[in-house]
Amino acid sequence: MSKRVIIFSGSIRSGSVNTKLAHAATAKLADMGAITTLISLGDYALPIFDEDLKEEKGQPENALKLATQIADHDAAFIASPEYNASVTPILKNAIDWLSVLKTEKKPFANLTVALGAASPGNLGGIRGLYHLRAILMNVGAQIITEQCAVPGAMDAFGEDGSLTSERSAKMLDDTCKSLLEIAMIGRGKG
């Protein structure tokens with residue numbers, strides 16, 4: 001049975017190399033037989049997380065919509081930029097809101113997640129993935145060991161959106177393959 005994988009970028013910036021990585025991961029996962037859903041966090045605008053706001057106005061509708069989207073999938077691939085060696089504010093804010101929702105099914109509980117990052121620098125955004133890994137583990141996600149870091153990202157993607165570096169392409173391939181294999185024994189047993 002095909003696994004349902006949700007893919008998104010931790011950036012909503014126009015021309016984001018991490019959004020390009022999310023597109024490349026979507027194509028790779030679809031080629032491997034996954035049922036893919038590519039979303040943008042920009043379609044789920046949320047206020048800055050604030051306990052007082054939550055108490056006063058309740059759960060934001062977009063947080064509930066995003067939680068439902070994620071919960072309906074067996075696995076996720078998150079392409080996250082590195083901001084000051086950590087995660088982006090939009091991604092952290094979304095995770096914070098989703099972690100406190102009062103819903104029947106917690107969106108990240110036992111969700112198999114693969115991480116990727118693309119950066120103009122030589123490390124490919126990998127420092128931010130350490131923080132993202134810790135945050136997601138804290139909210140119940142099962143993070144796979146393999147991850148994809150794409151250095152020199154301004155020149156890393158071909159016209160068709162695929163990765164031009166053999167090394168980066170292999171990392172993405174290995175990460176996507178592992179994601180699907182581990183998702184088979186995870187939350188969405190098929």
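Biologist: Why is Asn110 called partly exposed?

Modeller: Asn110 has a relative accessible area of 46%. Buried means under 20% relative accessible area, exposed means over 50%, and partly exposed is what falls in between, with a 1.4 Å probe and protein chains only. The value of 46% therefore makes Asn110 partly exposed. Please note that this is a predicted model, in which local features need pLDDT of at least 70, side-chain atom pairs count only at pLDDT 80 or more, and totals for chains, interfaces and linings use all residues. Residues are numbered from 1 along each chain as its sequence is written, and side-chain values use heavy atoms, with hydrogens and water left out.

Biologist: Where does Asn110 lie, and what is its phi?

Modeller: Asn110 lies in the loop between H4 and S4. These labels denote DSSP runs numbered from the N terminus: helices are H or I with at least four residues, and strands are E with at least two. Phi of Asn110 is near 60 degrees, a positive value in a residue other than glycine.

Biologist: What makes Asn84 exposed?

Modeller: Its relative accessible area is 80%, and because the limit for exposed is over 50%, Asn84 is called exposed. Asn84 belongs to the loop between S3 and H4, and its phi is positive, about 50 degrees, although Asn84 is not a glycine.

Biologist: How do you know that Ser178 is buried?

Modeller: The relative accessible area of Ser178 is 7%. Since buried means under 20%, Ser178 is buried. Ser178 is placed in helix H6, residues 166-185. Neighbours within four places in sequence aside, Ser178 is in contact (heavy atoms within 4.5 Å) with Ile144 and Glu146.

Biologist: Why is Thr36 called partly exposed?

Modeller: Thr36 has a relative accessible area of 27%, which lies between 20% and 50%, so Thr36 is partly exposed. Thr36 is found in strand S2, residues 35-39. Leaving aside neighbours within four places in sequence, its contacts are Val5, Ile7, Thr26, Leu29 and Ala30.

Biologist: What span is expected of helix H5, and what does the helix reach?

Modeller: The expected span is 1.5 Å times one less than the number of residues. Helix H5, residues 126-138, has 13 residues, and 18 Å is expected. From its first C-alpha to its last, H5 reaches 19 Å, close to that expectation.

Biologist: Which residues of H5 are buried, and against which elements do they pack?

Modeller: Gly128, Leu129, Leu132, Arg133, Ile135 and Leu136 are buried in H5. The buried residues of H5 pack against strand S3 (75-79), helix H4 (89-100), strand S4 (112-118) and strand S5 (142-150).
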